[in-house]
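Reader: I'd like to learn how to read salt bridges in a model like this one. Can you walk me through some cases?

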Amino acid sequence: MQLRLLVALLATATPLTTALAAPPEAPNKIFQGRDLFGLQYATDPQIRPDGRAVAYARRSFDIMTDRGRSSIWLVDTETGTQTPVVAGAGSHSSPRWSPKGDRLAYVSSAEDGRPQLYVRWMQTGQTAKLAELLDAPDSLTWSPDGKWIAFTMFAPDEKKPLGEAPPKPENAQWAPPLEVITDITYRADGAGYLKPGYTHVYVVAADGGTPRQLTFGAFNEQGPLSWAPDGSYIVATGNRNENWRREPVNTELYRISLADGQLTQLTKRNGPDGSARVSPDGKSIAYLSFEDKFMGYQNVELYVMNADGSNARSLTSSLDRSIDSVEWAPNGRDLYIQYDDHAVTKVARAALNGKVTPVTQGLSGSSLDRPYTGGTFTVANDGTIAFTSGTGTRPSDVSIARGGRTKQLTDLNEGSLAGKTLGQVQHLDVKSSFDQRPVDAWLVLPPNFDRNKKYPLILEIHGGPFSAYGPVFSTDNQLYAAAGYVVLYTNPRGSTSYGDEFANLIHHKYPGNDYDDLISCVDAAIAQGFVDPDNLFVTGGSGGGVLTAWIVGKTNRFKAAASQKPVINWASLVLTTDGTAFMTKYWFGKTPWEDPQSYWTRSPLSLVGSVKTPTLVVVGDQDFRTPLSDSEQYYQALQLAGVPTGLVKVPGASHGGFTARPSQSAAKASAILAWFERYRAQ
């Protein structure tokens, strides 16, 4: 599907095009939009308990349907030999090994398009659907004896009508009934308008049967789920506080009895408690948490408590890094944790005395369009770690760490990228002009780069704002580099992986001095000698879209800009986003009517009168995080101000799914490049 363009230009120029390039007559060695369809990447690596094989979900793309698809593959950890487990029609994901490694549970939509729970007996290759589920199961977890599988699932809940329509005559063609909304969170990005109901915990026999619902009520539970070693209870995350709808961060851990569903609250702190892991001996529970201080960013710490909830203590309070996931080591005496450190994702061993020892690094996530940090890992009984790994020129593959050595098991893009000359990624040292703090930055160099030439530069800014870029693969950056641009991406203040203090430099003042960091990075790139200072361009999405709009309101250095899915007016944004309760409380501290000036002075809309830079606005028309209305405000404001502008809408795209369809991802990058070419000095 092509992008739909609403372009109103106040300056004549060559037509703006988003067409995908026609197939070349001979193989093209430069990365192109069409190459997005050939990419594959690994997610969710699940190592078998004996450490001899890894099941993982392989994501690829169908050029005929323009959609991603997921299959499940098995890779031998000694030989690297791969075999498909479930790779037919439909989508297949969430592989989970039984405790003995003889069966594999997974979710598949092969039968009729509805996600269902299946189990495969690995020795015979036989599969069975365990039950007829009304909604998609999530957080699959085997019981220690292999007899049960616990999962979470949405349960519909019909709400009482508000009034009623008059009786409808037989065969009459009336309008649909009224939709009544009463919850503060009534829509979610990627999900749309929410159906009434709640997510609860279920169990089903591993050889099939009717699922049994364990939790009830007008509350939600979520995974990951963790079983007691004797199978008597499950620990889940929930929020059953009286005002839970307006306190999205204040979750607790609950013990759920398998016998009768009795709930016992294990944590009571003000803040998020989640990701519980019961120790192998059942005496302790590890989990992730922090004491909520209502800051924009707060490090998530690793905690351990007794199984009854007593004696809770942090093991990583001195690490100053946020923990993303945790698993017990098989010996039960220490744990494995994942965290980002200076834009590199690592797995480390955390002892119960708080000592943290890195084990492996270089994890890579599933974000293809931009180089965000991330990744996942699992641990076998022998201590072998399976994880997703990647580089600046390759999306995520499956690797293992064993005995102090790391081995890459897959090379999913050898066929599609081996013949391509990709942009090489190199680190750039920068110090901010504001306070001389070091700022991490990277350059993606055009293919066949010549240091003696001058290249135009694109500053590409990450979103969040509390997130981080790293030296990993990015289709956007590779497409920009292939078009002849040096691409600069950075981690300005507010970025994660540099500690709590660095992230909170933008607390209640974003955008702010992150602007100085970004401009300092541009100056450092120019100082390399191969960047043309008269050909600077800027773009970014979400938080990067905010900063793009902020930058062009502060300086006229850039020839053109493309602000993607931005926040333009904070007052309207926090009242239309799907994160209303969070943003007002944590990013501002007050509502727009309590402190309108703060909302206005931090809104790029306040700077429109100073904008001279031709600025394109790009947004998904189903974006419920930074809704379409904010982008339309900016487009209309720029029109009124007489600034060359255009509005690009990505049909059917949410905030998180902005580039989920390859044709739209390629066309979006092409539209931005076409916009920049209009204003590029020759």
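Predicted model: local features only at pLDDT ≥ 70, side-chain atom pairs only at ≥ 80, totals over all residues.

Reader: Are Asp112 and Arg114 buried or exposed, or something in between?

Author: In between. Buried means under 20% relative accessible area and exposed means over 50%. Asp112 has 42%, so it counts as partly exposed, and Arg114, at 30%, is partly exposed too.

Reader: Which residue does Glu221 pair with, and where do the two sit?

Author: Glu221 meets Arg240 in a salt bridge, 2.9 Å from N to O. This pair links distant parts of the chain: Glu221 belongs to strand S16 (residues 221–227), while Arg240 is in the loop between strand S17 (233–238) and strand S18 (252–257), 19 residues apart. Glu221 is buried at 4% relative accessible area, whereas Arg240 is partly exposed at 24%.

Reader: How many salt bridges does the structure hold?

Author: There are 27. One of them joins Asp35 and Lys420, with the closest N and O atoms 3.1 Å apart.

Reader: What does the Asp35 and Lys420 pair tie together?

Author: Parts that are 385 residues apart in sequence, because Asp35 is in the loop between strands S1 (4–8) and S2 (41–47), and Lys420 is in the loop between helix H1 (414–417) and strand S32 (425–431). Asp35 is buried, at 17% relative accessible area, and Lys420 is buried at 18%.

Note on methods
Residues numbered from 1 in each chain as written. Heavy atoms only, no water. Salt bridge = Lys/Arg side-chain N within 4 Å of Asp/Glu carboxyl O. Helix = DSSP H or I, 4+ residues; strand = E, 2+ residues; numbered from the N terminus. Buried < 20%, exposed > 50% of the residue type's maximum accessible area, 1.4 Å probe, protein only.
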